[in-house]
Amino acid sequence: MKICFVNPPFKAEYGKFSRESRSPSIGHSGVLYYPLWLIYAAAVVEKDGFEIAFIDAPAKRLDMQKTIERVKNEASDAALFVLDTSTPSIYSDIAFGALLKEKYPQSKIMLVGTHPSAVPDETLNINDSIDIVARHEYDHIVRDTARAIRDGKKFDTVFGITYRENGFIKQTADAVHIENLDEIPLAASFIKKYLDVRDYVFPAASYPAIQIFTGRGCPAHCNYCVYPQTLHGHKYRLRTPENVVNEFKYIAKNFPEVHEIVIEDDTFTANKKRVLEICRLLIKNNLHKRIKWLCNARVNIDLETMQAMKMAGCHLIIPGFESYNEQILKNIKKGSNLKLIDAYVANAKKAGLMIHACYMVGNEGETRETMETTLAAAMRFKTDTAQFFPLIPYPGTEAYEWAKSNGYINGKYEDYLQEDGTLNCVLNTPELSARELVDFCAYARKKYYMRPWYIAHRLWKGIRDPEDMKRSLKAFWRLKDSLLK
């Protein structure tokens with residue numbers, strides 16, 4: 001029995017839609033994340049003995065018709081279609097599912113991802129062509145649904161789904177989260193078999209790069225962060241250090257063109273002992289000389305850990321500073337403070353690690369003055385790169401409930417993007433309008449990147465590291481229009 005996994009097409013005429021970015025959109029920088037959660041689920045299903053097909057339409061910029069042609073050629077006999085989704089593309093995703101149902105009425109159509117996890121009944125009520133929604137972490141849910149179809153069992157035997165039966169919407173109990181992550185096949189081996197690494201771009205990394213997860217869940221409780229609140233929960237479940245390093249070995253051996261690994265865990269550094277052991281094993285196996293890596297790292301990481309990571313091949317860390325205002329940090333449950341942020345920047349420089357700093361405006365308590373304070377701190381920190389975005393409140397998050405209950409969200413799901421697929425702001429607070437938030441982010445990016453210090457910094461880095469020069473030139477070319485406005 002065949003299961004077909006599809007990352008559906010969306011606005012292909014404008015670029016590559018990065019559905020599994022934390023803010024799904026067509027990015028100005030040309031970013032395209034691997035559809036990792038869909039990859040892991042497909043790998044689990046294949047490991048269970050099912051034949052699979054995997055189609056990533058955004059990676060090839062396929063429109064609806066071309067994607068349907070691929071389905072016809074590769075999976076016309078599929079018993080189950082599993083479609084990735086996102087909030088801004090949800091109506092298009094469902095329309096694609098309905099088209100599949102029209103062409104293959106005997107097949108079941110299942111939606112996965114953050115949006116249907118947050119609002120499963122609402123999602124199913126959009127179109128009765130959709131049969132099933134998987135809620136939360138869905139690797140085993142998809143596998144168990146495939147088993148039920150194969151064995152002729154009713155869907156009420158599958159945990160973690162909301163489904164349609166005889167005109168009614170029904171729901172089973174939540175599935176448990178996967179505890180033994182080592183049992184899940186390596187993303188890299190699946191990518192080798194089904195995808196092309198050159199289709200994907202992570203601007204902070206050397207091109208091409210491979211993204212992986214080494215853990216799931218996040219112990220932090222930031223009110224805006226979508227994955228812990230809709231998919232994986234707050235318990236940080238970990239792959240063993242040996243398992244992680246085995247994937248590094250696999251990539252080093254099987255992808256000679258890849259020189260960087262992006263660790264996409266919400267907070268890779270949450271468990272210091274494990275991070276130090278991974279670093280030790282990378283050095284022991286000389287992998288630090290072959291391949292570099294970057295990761296998300298919260299502001300509570302210490303200098304010792306940073307130094308160990310640097311020795312093991314890490315060159316860049318990504319913190320969510322978000323704001324340089326104590327009250328806003330408390331309002332969004334960030335679990336950090338200005339003292340930690342200052343120490344983080346100082347320690348990273350001591351360790352020789354670059355920083356890609358993330359800033360967010362529009363949170364509870366934000367004013368023009370607090371935004372200017374945050375920008376002033378960003379300018380003072382002089383991190384290697386920085387991003388400035390307005391708060392995007394997604395269903396299933398506390399930030400969404402805050403904005404929705406106060407009447408701050410104006411617009412429908414499709415309004416989360418502009419016509420060309422780039423991010424739009426739907427947040428209007430009494431202090432700041434959506435337009436003001438968007439304009440400030442554009443102003444902040446220009447002020448940050450178009451100053452003499454930054455231009456000299458990038459040139460100096462490029463002279464010392466030709467790969468970094470390539471990365472900088474590509475990034476500037478993709479961002480030039482927005483920076484030069």
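Which elements do the buried residues of α10 pack against? They pack against α8 (187-194), β8 (209-212), β11 (260-263), α11 (272-284) and β12 (292-296). This is a predicted model, in which local features need pLDDT of at least 70, side-chain atom pairs count only at pLDDT 80 or more, and totals for chains, interfaces and linings use all residues. Residues are numbered from 1 along each chain as its sequence is written, and side-chain values use heavy atoms, with hydrogens and water left out.

**Helices**

- Helices (H or I, at least four residues) and strands (E, at least two) are DSSP runs, numbered from the N terminus.
- Helix α10 has 14 residues, and its first and last C-alpha atoms lie 20 Å apart, close to the expected 20 Å at 1.5 Å a residue; the expected span is 1.5 Å times one less than the number of residues.
- Pro 241, Asn 243, Val 244, Val 245, Glu 247, Phe 248, Ile 251 and Ala 252 are the buried residues in α10, where buried means under 20% relative accessible area, exposed over 50% and partly exposed in between (1.4 Å probe, protein chains only).
- Helix α4 (residues 90-103) also has 14 residues, and its end C-alpha atoms are 20 Å apart, in agreement with the 20 Å it should span.
- Buried residues of α4 include Ile 90, Asp 93, Phe 96, Leu 100 and Lys 101, and the cover over the buried residues of this helix includes β1 (2-7), α3 (64-75), β3 (78-84) and β4 (108-112).

**Nonpolar cores**

- A nonpolar core is a set of buried Ala, Val, Leu, Ile, Met, Phe, Trp, Tyr and Cys residues joined through side-chain atoms within 4.5 Å.
- The largest core has 157 residues, and those touching the most other members are Phe 5, Phe 81, Met 110, Phe 248, Trp 293 and Ile 317.
- Helix α1 (residues 36-47) gives the largest share of this core, 10 residues.
- A second, separate core of 12 residues includes Val 31, Ala 205, Leu 316 and Ile 318.

**A buried arginine**

- Arg 237 sits in strand β10 (residues 237-238) and is buried, with a relative accessible area of 3%.
- Setting aside residues up to four places away in sequence, the contacts of Arg 237 include Glu 137, His 177, Glu 179, Arg 216 and His 232; contact means heavy atoms within 4.5 Å.

**Cavities**

- On a 1 Å grid over the protein atoms alone, a cavity is a set of points where a 1.4 Å probe fits but cannot get out, and lining residues have an atom within 4 Å of a point.
- Grid points are joined across faces, edges and corners, and a volume is the space filled by probe spheres set on the points.
- Of the 17 residues lining the largest cavity, Arg 19, Glu 20, Thr 85, Thr 114 and Tyr 227 are the closest to its centre.
- Helix α9 (residues 226-232) gives the most to that lining, with 3 residues.
- The second largest cavity has a volume of about 90 Å³, and its 13 lining residues include Tyr 40, Leu 181, Ile 184, Phe 213 and Arg 239, which lie nearest its centre.
- Elements giving two or more residues to the lining of the second largest cavity are β9 (215-216) and α10 (241-254).

Note on methods
On a 1 Å grid over the protein atoms alone, a cavity is a set of points where a 1.4 Å probe fits but cannot get out, and a pocket is an open set with protein on both sides within 12 Å along at least five of seven lines; lining residues have an atom within 4 Å of a point.
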